[in-house]
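Have the viewer open and follow along.

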Amino acid sequence: VPFGKNTDASIIGCWGITEPDHGTDTLVPGTPEFSNPEIKGQVSARLDGEEWVIEGQKSAWVSNGTISTHSLVYLNIDPSMGLKGGGICIVPHNLPGVRKGRPLDKMGQRALNQGEIFFDKVRVPKDYMLVDQESYEALLDVTLATANAGMGAIFTGVARAAYEEALNYSKTRIQGGKPLFEHQLIKHKLFNMFMKVEAARALSRSAIVYNLNNTPPLTKYSIASKVFCTNTAFEVASDAIQIFGGIGVSREYPVEKFFRDARAAMIEDGANDSLMITGAHSL
Ligand SMILES: Cc1cc2nc3c(=O)[nH]c(=O)nc-3n(C[C@H](O)[C@H](O)[C@H](O)COP(=O)(O)OP(=O)(O)OC[C@H]3O[C@@H](n4cnc5c(N)ncnc54)[C@H](O)[C@@H]3O)c2cc1C
């Protein structure tokens, strides 16, 4: 694999799949829409001798977009196959024709750099195309399975952090002459949060253990984990803010950040509602 021997951490990668006109469209392997030739990708690759010529634009949602040195571009090779006719190509950003946009300003996960990448007839060696149109759909499925499994685990952590912050705060804040924690209403809410965190932990752990160790993966379990755990993080962070009261919406405590980060996660790596439809195809 090109650059596979690099161990000095000089490479910052990014995953370029989303395009200005194609978000959800790009993440539906195994569905009829994915083979629809009417739906054409905005980044194309054409073989010219010993080089691929890459042309088009990835959207402002590419994480690490403006700080990365290389991208793994999910692009279109054979438009007659629809988005299924794709390929996965490494593109070093120091090549002529690569240009980047400005960092995106957004509501949640603000520390995560994101930005557009433009490819203007960028020429890359033939062997930088790691996956061609024959195996693209299967490899996209593996990508979804691993990325979504990771998201489940990460946002279980966000849910847990929100729960623990709320639990600790409830034991120090006095209202009605005793700590919030001593009020039945708050205890009930905290136990509900605890149950959700533990359910998210169990699902995300089994999805990640199975799908990172088996090929082909059972992608619907990763999707279930991603959707459930990011929804859980959002709900638990919202409950945490409620337990904090007014100060919960200030920047004094991290619960408002968890809430914003979890909200972004419900769209990141696939909008939750659409991911569920994709997962349902393999029920
Ligand atoms: C924090 C964050 C990080 C991200 N990181 C990356 C990254 O590293 N690389 C990258 O390439 N992209 C990245 N993305 C982009 C992300 O994958 C897309 O935002 C996501 O796939 C949704 O695409 P979209 O935003 O274009 O929404 P759209 O696809 O336009 O969807 C808008 C709404 O319509 C619904 N919808 C869409 N299609 C259908 C349909 N056929 N039927 C019914 N409803 C539909 C969706 O569920 C959604 O609710 C990131 C996004 C976020 C928020």
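The chain holds 5 helices and 10 strands, and please keep in mind that this is a predicted model. Along its principal axes, the C-alpha trace spans about 80 × 40 × 35 Å. Of the 283 residues in the chain, 43% are buried. Among contacts between residues at least 6 apart in sequence, 73% join residues at least 24 apart.

**How the helices pack**

Two packed helices are described by the angle between their axes and the distance between the axes. Two pairs can be set side by side in this way:

| Helix pair | Angle between axes | Axis distance | Crossing |
|---|---|---|---|
| α2 (residues 184-211) and α3 (residues 219-244) | about 155° | 9 Å | left-handed |
| α1 (136-170) and α4 (residues 255-265) | roughly 155° | within 10 Å | left-handed |

Start with α2 and α3, whose axes are 9 Å apart at an angle of about 155°. Angles over 145 degrees count as roughly antiparallel, so α2 is roughly antiparallel to α3. The residues of the contact between α2 and α3 divide into 15 nonpolar, 7 polar and 4 charged.

Now turn to α1 and α4, whose axes cross at roughly 155°. That angle makes α1 roughly antiparallel to α4 as well. Which residues make the contact between α1 and α4? From α1 come M151, F155, V158, A161, A162 and E165, and from α4 come V255, F258, D261, A262 and A265. By class, the contact of α1 with α4 has 9 nonpolar, no polar and 2 charged residues.

An α-helix has 3.6 residues a turn, so residues three or four places apart point the same way. The cover over the buried residues of α4 includes α1, α3 and α5.

**A threonine in α5**

Helix α5 covers residues 272-280, and T278 is part of this helix. Is T278 buried or exposed? With a relative accessible area of 8%, T278 is buried, because the cut-off for burial is under 20%. Leaving aside neighbours within four places in sequence, T278 is in contact with L27, V28, P29, T31 and I223.

**An asparagine in a loop**

N113 lies in the loop between β6 (98-100) and β7 (117-125). Although in a loop, N113 is buried, with a relative accessible area of 15%. Not counting residues up to four places away in sequence, N113 touches V62, S63, N64, G65, T66, I67 and P103.

**The cysteines**

How many disulfides does the model have? The count comes to 0 disulfides. C14 is in no disulfide, and its nearest cysteine sulfur, that of C89, is 12 Å away. For C89, likewise in no disulfide, the nearest cysteine sulfur is that of C14, 12 Å away.

Conventions:
Residues numbered from 1 in each chain as written. Predicted model: local features only at pLDDT ≥ 70, side-chain atom pairs only at ≥ 80, totals over all residues. Heavy atoms only, no water. Axes fitted to C-alpha atoms, helices over the stretch in contact; angles between N-to-C directions. Helix = DSSP H or I, 4+ residues; strand = E, 2+ residues; numbered from the N terminus. Parallel < 35°, antiparallel > 145°, perpendicular 65-115°, else oblique. Left-handed = near helix turned anticlockwise from the far one by under 90°. Nonpolar A, V, L, I, M, F, W, Y, C, P; charged D, E, K, R; others polar. Disulfide = S-S within 2.5 Å. Buried < 20%, exposed > 50% of the residue type's maximum accessible area, 1.4 Å probe, protein only. Contact = heavy atoms within 4.5 Å.
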